[in-house]
Amino acid sequence: MAPVTAPIETARDANEKAVQSTLLNPRFYTTDFDAMDRIDVEPVRKEWDLMMQEYEGDNNHDHFQRDAAFADEVALLMPQLSPEMRQEFLDFLVSSLTSEFSGCILYNEIRKHVTNPDIKQLMTYMARDESRHAGFINQSLRDFGLGIDLGDLKRTKAYTYFKPKYIFYATYLSEKIGYARYITIFRHLEKNPDKRFHPIFRWFERWCNDEFRHGESFALIMRANPHLLRGGNRLWIKFFLLAVYATMYVRDHTRPMLHEAMGLETDEYDYTVFRITTDISKQVFPLSLDTDNPKFRAGLSRLFEISKANDAAKEKGGVFSYATRAVCGIQAFWTFGRLYMMDTLEHELPINTRMAASW
Ligand SMILES: [Fe+2]
Ligand SMILES: [Fe+2]
C-alpha cells in the first residue's frame, strides 16, 4: 500500500488513497442495526413529518448534472494548476468522495437492516442524496482519469463499528460541518468568482442544503431521545465535538494551498466554519466548545505542529522514526486531553429543533 503522503498520479493511487483508514482519512462505519430499528421519533412527530415531505419533494433531483460550461471550465482551468496544487485538489476530491460514499453505505446498510418505517424511509432518502454526491465527485475524478471503483471500495475498505449514539453524534456533526464548509466556500467564491478554480464549487450551495437536512434528521432523532443529551453522554458530545473540529483543523492545515488558491486564509476559514457549526449545533447539543478562546486555538495549532513532526519522521524512515512518532503520539494525546479539559459553553435547547439553512 502507498504511503499516506504518496502523490495521486494514477487511478490505482486514487483508489489506494480512498481505501486508507488513517486518523485523518474518512472512514466507513457499521452499527447495531437492531438498536437502530428501535429508535422512536414519536416525540418529534410533527417536525419529522414535515422533514419527510421535504425529502420526498426532492428539490435537488436535477441538481447533480453538469451544465454545458462544465467541460470548458475544466479544460481551461485545470492546466493552470501547479503540480502541488493539483495534488491537493485531487486529495480533496478523493477524501470528499470517500466521505460522501461513507454516508451512502452506512445509510443504505441501515435501510436494509431495519423494519421501523420512519428510520427506513429516512435512510432511503439520505442514501439517495449521498449516492448522487459521491457520483458527482467521481465524474470530476474521471476527468483526470482517476475514477474510483466504488464497488471495490465498498468491499475492501475497513469498517469501524460505532454504537448508534456515537453514529448520531458523529454523523450529525459531520453533516453540519459539511454544510458549514461548503456554504463558506460558496459564499466566498460568489464574491470572488475569479478564484473559482474548478466548476464543482458552483454546485456547493444546493448541495450543502442536502447536508444541512441530513443533519436536521439526526438532530430530531436526538431530541426525540433526550437521554442522549444528558448526564454522562455530555462527555461523549464534548469528545465528538473536539475530535471532529481537531481533525478538520489538522487536515485543512496539512493542505493549505487549496484554500489559499480560493483566496481564503486556512485559519480564518476553519474558525468561521467552527462558529457556524457551533451556532447550528445549539439546536441539539447543550454544550459547545469555546473555539475563540486563545488557549483552545493554541491547542489546535500545537496538534498541527505535532502532526507535521509525525509526518516528517514517517517520511524520513529509519530507526529514529519510530521513536519520534511514538513521542508525537504521546504529545498529541496529551494536547488533546488538555483541550478536552477546557470549560465548555452551556446552552438551553430551543423548543423547536428545526432550523433554516440561512448562512
Ligand atoms: Fe453528501
Ligand atoms: Fe450528507
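The legends below describe an overview and several close-up views of a predicted model. Local features are given only at pLDDT of at least 70 and side-chain atom pairs only at pLDDT 80 or more, while totals for chains, interfaces and linings use all residues. Residues are numbered from 1 along each chain as its sequence is written, and chains are lettered from A and ligands numbered from 1 in the order in which they are written.

**Figure 1. Overview of the protein chain.** The chain has 14 helices and 4 strands (DSSP runs, H or I of at least four residues for helices and E of at least two for strands, numbered from the N terminus). Its radius of gyration is 20 Å, close to the 21 Å that the globule rule gives for 359 residues, so the chain is as compact as a globular protein of that length (taken over C-alpha atoms; the rule is 2.2 Å times the number of residues to the power 0.38). Buried residues make up 35% of the 359 residues (buried: 20 or more other C-beta atoms within 10 Å of the residue's own; exposed: 12 or fewer; partly exposed: in between; C-beta atoms are placed from the backbone).

**Figure 2. The largest nonpolar core.** This core has 49 residues, and Tyr172, Leu173 and Tyr245 have the most contacts inside it (a nonpolar core is a set of buried Ala, Val, Leu, Ile, Met, Phe, Trp, Tyr and Cys residues joined through C-beta atoms within 7 Å). Elements giving two or more residues to the core include α3 (45-57), α9 (204-224) and α13 (294-316). The most comes from α8, with 13 residues. Leu173 touches Phe240, Leu241 and Val244, leaving aside residues up to four places away in sequence (contact: C-beta atoms, placed from the backbone, within 7 Å).

**Figure 3. Helix α12 and its buried face.** Helix α12 (residues 266-281) has 16 residues and reaches 22 Å from its first C-alpha to its last, close to the 22 Å expected (1.5 Å times one less than the number of residues). Among its buried residues are Tyr269, Val273, Phe274 and Ile280. Seen down the axis, the buried residues of α12 fall within an arc of 165°, so they line one face of the helix (the arc is that of the directions from the helix axis to the C-beta atoms). Their cover includes α8 (164-191), α10 (233-254), α11 (256-261) and β3 (287-288).

**Figure 4. Aspartate 58.** This residue is found in the loop between α3 and α4 (68-77). Phi of aspartate 58 is near 50°, a positive value in a residue other than glycine. Aspartate 58 counts as partly exposed because it has 13 C-beta neighbours inside 10 Å.

Key
Two residues are in contact if their C-beta atoms, placed from the backbone, lie within 7 Å.
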